[in-house]
Amino acid sequence: MSSGRAQGIFDGLPIPADKAYLKEGLSRIDESWAASRFDSLPHVVHILTSKDREGEVQFLKEQSDLVEDVVDEVVHVYHHGFNKAIQNYSQILRLFSESAESISILKVDMANAKKFLGSRNKQLHQLWYRSLTLRHVLTLLDQIESVSKVPARIEKLIADKQFYAAVQLQVQSMLVLEREGLQVVGALQDIRSELAKLRGVLFYKVLEDLHSHLYNKGEFSSASLRISEMEDQVLNATAIDNSVNSAQPLSRRTRLVKIENHFGGSLSADGSYRPGSIDDVSSFEGHDDDSVEIAENAVSDGAFPSARVHADGNIKKVSRQMPTWLSSAMPDEFLESMKKSDAPLYVKYSRTLVECLCMLGKVAAAGAVLCQRLRPTIHEIIISKVKVLAVQKSSRSGLDLVTKKDNSDIYDSSGILDGFQVLKPKSKNNSSFSATQLVVSPVSPIMTPKGAAQSAAGEFLNSILDYIICILENHIIVGELLESKLSQQADNVLTPKAASSDTVWGADSESSQTGGFNVGFSLTVIQSECQQLICEILRATPEAATSDAAVQTSRLGKKNPAKEKRDGSEGLSFAFRFTDAAASMPKRASQGWQRGTSAQQEGYGTSAVLPDQGIYLAASVYRPVVQFSDKVASMLHQKYSQLVNDGLLAFIEKFLKDHFLPAMFVDYRKSIQQAISSPAAFRPRANGSVYKPLVENGRPVLQGLLASNMLAKEVLGWAHLMPKYANELVEFVQTFLERTYERCRTSYTEAVLEKQSYMLIGRSDVEGLMRVHPSNAYLRKSHDQSPNSFPDAETVEVELEISELLLGLRPIKQEHLIRDDHKLILLASLSDSLEYLADSVESVGDIFGTSFSKIADKNLNNQAHRHTRSTSAVPPSFTSLAEEYRRLAIDCLKVLRLEMQLETIFHLQEMTNREYLEDQDAEEPDDFIISLATQIMRRDEELAPFVSELKRNYIFGGISSIAANASIKALAEIRSINLLGVQQICRNSIALEQALAAIPSINSEAVQQRLDRVRTYYELLNLPFEALLAFIQEHEYLFTQKEYSSLLKVNVPGREIPADADKRISGISSH
């Protein structure tokens, strides 16, 4: 352990390799000798107590010699470093000594210099002041020389559209000329005058560029940027084609044509509008300050809330680099903020132009000019847009246009309007349906919810409002920039520098500081113009509350938008009246809206774009207006919400509620009344001799019900276009569908009134038996296959009960039956029409509920938006109405089935209370059988075009069982019958079987099985008693005991019956 410690302590000492023994000796030294606090006492005691004292002392001497050798080696190695350190230390001492001597000499020199300078103080001060004066004179001369070149530089910057650099130079030059000493220089007066003129020129140029930029006509507007990006896209897309097909480059004009063709039209400004000269409105300039100080506080970074990228994604986020229009500007805080901003280029350009106006001190004058030109410019833009659309429309053929409109769905109405699509005739048999549509519907085919006029109006207004949204966005950006500038000036107005500056616009209201131009004014005027455009589409005349609409909207626009108008007396309000007159809008527009330009009195010319105009286009106008209002609300600050609420959407909703919906309810109420009350409404009309399940192929639906279905789909189509009013429209549809049901019920009652079949279906016992009968499956809507027509034991029992019940009504009187075949045809046609209407109402309800539940879910996801449109799912009454229709249709079929069964009993009751003692073979059936068979075949032929085969099976399927049971029961009331009489009855059953088998829908084998039982029963009369008894024993359950007993009671000539015959037959049954 001690050697390990020594090795650790003395390790690394510079001991030569040839003296390794020194290391070994060091390793043998005890660790106590190397302790930090050495205690010699233990070692002395150890030596004194040792036996070999001399040896211990000698060992210590050897260790001491070893340590001395090691120290000699270390000193020998490090002696050079020790010498060098001693030398350096000596040098440092020498330098310190020399420095002390130099400082002493310097103190003496400085004291001498102080004495010398103190004697010439006044002369030095005069020389220093003269140098400053000369330096200032040289600086002024340099500035005068540079200012003399400023006008030419400003003109060059204006020509290069470097407006900000030009304004910078002009403002700074004016500040230079206002300095003390230069104001009295006569040679600078011309330059000062020229700079003042250039200030006006700059104002005009900036204002013109801002005006063009506001309406997307400038070089850096959003529309121009889209065109540039689309040019790149088209060039990239066609690069391969050009390289393959042609090496000739495309000109810019050719590229623009290709862009318009590729994207379906130019997205740039219309190009037909050119703003008037600014000199026309130069009188609106405000105070003309000669100088302005550059604001030190620049506009904050980032885009304003309204400066959003459009939803189509055509405006890409720009990189943080200096825009081209600022390339010549001098660096300042505004340029630094523009470089850091992530706003789109068109927003940055708006900020630049507003900054130029602020630096020029022309904000009020510019605002006044923009306010004056806002309404006529919007009007001209709409007119030019209409002209472009009119040219595009005329370039297409009328047939292609109508086809495109019919197949388009501009409102993303997948499913709903397709379900409501009015069926169009496809054959000559459907000419009556087309006539019904034209006569019954209160609107022409092009004005229906999916008509060409509705589609064209929606597309037209969408295109106009989308373009207006871009313009309004630019106005909002500029308005918010001005508001931001106002707030900055308000913050800086108390500082001395700002208080002395000419850029303070005054202490008046915001409107006066901006010349009346603000977001509220722009929004008011633009909505007013859009309202007039909608009025022209609807042929409605807006009557202004004052003689000048521009004055009214200007007054409303200047009000503080943050204050809510709770009483509704303020805000954007429109007084209007509506007319359906055919007179054109331009002739009447001047009565309500007086303007200073003749262009606005001429209207917009929408008749050249739309196939038709009128009040019913309000439905297709509603959705674009809602989308427009939503977009506007999303762009604006919350304080402008009242202006949006009282704007265009409030106008159209008020019009829809107060004018359109009442007028539409009246029109459709008259139409449905005319449709169901006309003589032809419930007049069956067959299209051929075979039933056709589709209306397009000629299904004989009653005209009244067909018209009701068409009108219901039309009204629900209006509900889809106006989801906010869906509840009211659905309730209206329910009302006239209920009225149609009542009219059907009345027609049904008139046909079956006081008839026995009608009274029978009202009895619970009859209703119960008919419900449990297997033929009731024919009445189920989902049943598409014929049920088993072969009677089983349960069916036979039910048929027997029904027969007993109906035979108990004998004698059947003719006046209790429906003898008029037209009424039977009416019942059949009414049943099929009611089934058709029930299916249609149910399917429409499903489509209606699905589509509107999707719209409701979408609105729930957009609850943050201002507009929340209420929607409704399928009302339960739709389902209940369909069930009511279907129940009435089933009642019609039940009446027809009972009527045919009662008709059978009416004819077969002639078999009773007579004698069948024939004297010759039967060649023909009885007259009543012939009459019954003829009637069955005639009625089957008459009903065939009006009901399906399954329904005909239900109507005529109960005859065979009633005829069989009635024939067997009749034997008990026949007094006498011979062999030829039996043959006559068998001949009757064969004739009836042939008549029923001729009906295609009836299973002839089932009919034969039932009527074979009749023939078997009557042929038993030809057997002797013993043979009859043996038959009964073998076929005990073929007939009932009562029926076997009737065989014994009838008088058959030549047949002997024992006295105990009844007892013997009863004995067989009792076993």
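Mentor: Let us begin with helix 7 (residues 163-177) and helix 8 (residues 189-214), which pack at an angle of about 150° with their axes 10 Å apart; helices here are DSSP runs of H or I of at least four residues, strands are E runs of at least two, and both are numbered from the N terminus. Axes are lines fitted to C-alpha atoms, for helices over the stretch in contact, and angles run from 0 to 180 degrees between N-to-C directions. Because of that angle, helix 7 is roughly antiparallel to helix 8, a term for angles over 145 degrees, whereas those under 35 count as roughly parallel, 65 to 115 as roughly perpendicular and the rest as oblique.

This is a predicted model, in which local features need pLDDT of at least 70 and side-chain atom pairs count only at pLDDT 80 or more, while totals for chains, interfaces and linings use all residues. Residues are numbered from 1 along each chain as its sequence is written, and side-chain values use heavy atoms, with hydrogens and water left out.

The crossing of helix 7 and helix 8 is left-handed, meaning that the near helix is turned anticlockwise from the far one by less than a right angle. On the helix 7 side the contact (heavy atoms within 4.5 Å) involves F163, A166, V167, Q170, S173, M174 and L177, and these meet I191, R192, L195, R199, L202, K205, V206 and D209 in helix 8. An α-helix has 3.6 residues a turn, so residues three or four places apart point the same way. By class, the residues of this contact divide into 9 nonpolar, 2 polar and 4 charged, where Ala, Val, Leu, Ile, Met, Phe, Trp, Tyr, Cys and Pro count as nonpolar, Asp, Glu, Lys and Arg as charged, and the others, Gly among them, as polar.

Another pair can be set beside this one: helix 30 (residues 764-772) and helix 31 (residues 793-807) pack at about 155°, with their axes 10 Å apart, which makes helix 30 roughly antiparallel to helix 31. Their crossing is left-handed, and the contact joins D765, V766, L769 and V772 of helix 30 to V798, E801, I802 and L805 of helix 31, with 6 nonpolar, no polar and 2 charged residues.

As for the whole chain, it has 41 helices and 4 strands, and 49% of its 1071 residues count as buried, that is, under 20% relative accessible area with a 1.4 Å probe and protein chains only, as against exposed at over 50% and partly exposed in between.
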